[in-house]
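Q: I am new to this structure and would like to learn how to read its features one by one. Could you take me through them slowly?

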Amino acid sequence: MEQMNKAYFQKLARQLMFDVSDEEAEQLQEEFEILNKQIALLEKIDTEHTEPMIYPFEAETTFLREDQITQTISREDALKNAKAVMAGHVHVPKVVK
Amino acid sequence: MNYETVIGIEIHCELKTKTKMFSGAPVSFGAVANSCVNEIDLGHPGTMPCVNKEAVRLAIMAATALHCEIDPLVKFDRKNYYYSDLPKGFQITQQFHPIGSGGYVEIETDEGKKQIRLNRIHMEEDTAKQFHNEEGTLIDFNRAGTPLVEIVSEADMRSGKEAAAYVEKLRSILNYLGVSDVKMEEGSMRCDVNISLREAGSTVFGVKTEIKNLNSIANVSKAVDYEVERQKEILEQGGTIIQETRRFDEAQKATVSMRKKEGNVDYKYFPEPNIPPIRLASDWIADIQAHLPELPDQRKERYQSEYGLNDYDAGVLVNNRELAEFYDEVCAHTSEYKLAANWTIVELTAALNKLNVKPENNPCNPLHLAEMLQMIKEGTISSKQAKIVFEEIMQGKDPKQVVAEKGMKQMSDGNELLKLVNEVLDNNPKSIEDFKNGKDRAVGFLVGQVMKASKGTANPAMTNQLIKQELAKR
């Protein structure tokens, strides 16, 4: 496990392609220190014979949706949140060659 | 050194449903961009996926036809990656519990039948379609969330020919099942081929490359053949193969590098928390499995056993579902099965090519063709005349009407024909003499003369027989 220091959060931010200021990175470091302490408490619990859970309720379901058109949103709404739109398409910077 | 080629194929097929895998938005090819989407497809916060029953049904059909074992407990997982074709930041797929496991596809090779084993068939959602241009990338989310099945083979293929045969067979099976449009050129069936070489006799896999962008079966075989030669050349010069994704460039007829694969990408798979496991009713699965449509191999077998067709003719018909369905309709109206097969394979195909019409838009009425075949069989028209009648049938005309209008009836009246035969014999004493001197060719000449005198309406078989009969008397 890497040290959760300022440089670590700055590296993560770069990988996820957003900016993080020195101040924010420090704040993240402080918050994660608290979180880590809490997680350390959980680690003290004996889980030797406990199966891991994936879902809060382990009962199986049976429902499948019928293949009927129910909900479409307008093109205008679909594109509303896009920063840039070109010819009815969402326009983003190209990241492939 | 002797190399062995090792090929495994992954195929993605869009399922023919009305709505998406996890949302009630319509699935539509070629619709106006971003007009067939809703909040679930766009990954808006707070939306919940809901599994499409029809997609599961079609996946069960495909898995059954491919001899897979069905898992009645449907589970989905998240495949996490960050790319603009994926609005949620993850794709919902079945990494840990595919709906079908094992199974096989049987192909024909030069050495006979061969089973290509399958690893799995699983359900997932398609991504958005992207168009890259100079100014950036344009995204159309209509395709996002379209139900897909991914069919993963084992690395059992050994040549471009086998790879193409596998894709073709799989396409045919899925087409007969009606679970997918399987149009490689439109992308409703997409094929990724993994290729590596190894020393003959070795059991260790060599470094593989993956080829994408194969939009036809012919290109599968071309791309593999090219890639095998490329890898062989590198290995023979002592080089090493770089693990990478390549695409087939049609213009260059070559594979070109798209991107290097630096180690295995970690997709951080985990079970999809928004879809709890779904138990499928065993009687529902059994019902789907009991009502599968006729598959290509079964149909081929039926054509041979019921209609007496040979392996080749049965194969040609079955390879084209629309053509085979037309043939079945013709056979519902006539028992001239072999004649019907010949006319469907040769004349109909030629006529469709000439008209530049696809078999699914075939204008020929199967009843009309059956009636025409009956006329040939009964000697009402000759095969030569039938070709003219057939042209009119392709224009939508009734063969009875064509024969009547063109005064085409074949001369099959024994007395009338006998009179004509004797006239021809009287006019050709030299041929009679030739015949008596053992020149059998004379018969052919005389038949030709009768044909000419009857303006092509004489029944050739009867004419032949009458000439021989009358020659014997002279």
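Predicted model: local features only at pLDDT ≥ 70, side-chain atom pairs only at ≥ 80, totals over all residues.

Q: Which residues form a nonpolar patch on the surface with A:Ile39?

A: The patch consists of A:Leu35, A:Ile39, A:Leu42 and A:Ile45, which together have about 370 Å² of accessible area.

Q: Which residues form a negative surface patch?

A: In this case the members are A:Asp19, A:Asp22, A:Glu23 and A:Glu24. To take one of them, A:Glu23 sits in helix H2 of chain A, which covers residues 22-42, and A:Glu23 counts as exposed because its relative accessibility is 65%.

Q: Let us turn to aromatic rings: how many aromatic pairs does the structure hold over all chains?

A: Over all chains there are 11 aromatic pairs. One of them joins A:Phe9 and A:Phe32, whose rings are 5.1 Å apart centre to centre with 50 degrees between the planes, an arrangement that is tilted. Because A:Phe9 lies in helix H1 (residues 6-15) of chain A and A:Phe32 in helix H2 of chain A, the pair ties together parts that are 23 residues apart in sequence. As for burial, A:Phe9 is buried, with a relative accessible area of 6%, while A:Phe32, at 27% relative accessibility, counts as partly exposed.

Q: Why is the pair of B:Phe22 and B:Phe76 edge-to-face?

A: The general idea is that planes over 60 degrees apart count as edge-to-face. The planes of B:Phe22 and B:Phe76 stand at 85 degrees, with the ring centres 5.2 Å apart, and so the pair is edge-to-face. This pair links distant parts of the chain, 54 residues apart: B:Phe22 is in the loop between strand E1 (3-14) and helix H1 (53-65) of chain B, and B:Phe76 is in the loop between strand E3 (73-74) and strand E4 (77-80) of chain B. B:Phe22 is buried, with a relative accessible area of 4%, and B:Phe76 is buried too, with a value of 0%.

Q: Which residues form one aromatic cluster in chain B?

A: That cluster is formed by B:Tyr81, B:Phe96, B:Tyr267 and B:Tyr269.

Q: How many salt bridges are there over all chains?

A: A salt bridge requires a side-chain nitrogen of Lys or Arg within 4 Å of a carboxyl oxygen of Asp or Glu, and by this rule the count over all chains comes to 44. In one of them B:Arg198 is joined to B:Glu4, with the closest N and O atoms 2.9 Å apart. B:Arg198 lies in strand E12 of chain B and B:Glu4 in strand E1 of chain B, so the pair ties together parts that are 194 residues apart in sequence. B:Arg198 is buried, with a relative accessible area of 12%, whereas B:Glu4 is partly exposed, with a relative accessible area of 23%.

Q: What is the N to O distance in the salt bridge between B:Lys113 and B:Glu108?

A: The distance there is 3.1 Å, and B:Lys113 is exposed, with a relative accessible area of 57%. In the salt bridge of B:Glu392 and B:Lys397 the N to O distance is 3.8 Å, and B:Lys397 is partly exposed, with a relative accessible area of 29%.

Q: Which residues are linked in a network of salt bridges?

A: The network links B:Glu294, B:Arg299, B:Arg302, B:Arg321, B:Glu325 and B:Asp328. One of these, B:Arg321, is 10 Å from B:Leu295 in space, C-alpha to C-alpha, although the two are 26 residues apart in sequence.

Q: Finally, what is the phi of B:Val182, and is this residue buried or exposed?

A: The phi of B:Val182 is near 45 degrees, a positive value in a residue other than glycine. B:Val182 lies in the loop between helix H2 (160-177) and strand E12 (189-199) of chain B, and at 5% relative accessibility it counts as buried. B:Asn356, which is not a glycine, also has a positive phi, of about 55 degrees, but at 71% relative accessibility B:Asn356 counts as exposed.

Note on methods. Residues numbered from 1 in each chain as written. Chains lettered and ligands numbered in written order. Heavy atoms only, no water. Patch = residues over 30% accessible without salt bridge, like charges linked within 9 Å, V, L, I, M, F, W, Y side chains within 5 Å. Areas by Shrake-Rupley, 256 points an atom, 1.4 Å probe, with all protein chains shown as cover. Lys, Arg positive; Asp, Glu negative; His and termini not counted. Charge placed at Lys NZ, Arg CZ, Asp CG, Glu CD. Helix = DSSP H or I, 4+ residues; strand = E, 2+ residues; numbered from the N terminus. Buried < 20%, exposed > 50% of the residue type's maximum accessible area, 1.4 Å probe, protein only. Phe/Tyr/Trp six-rings, centres within 6.5 Å; stacked < 30°, edge-to-face > 60°.
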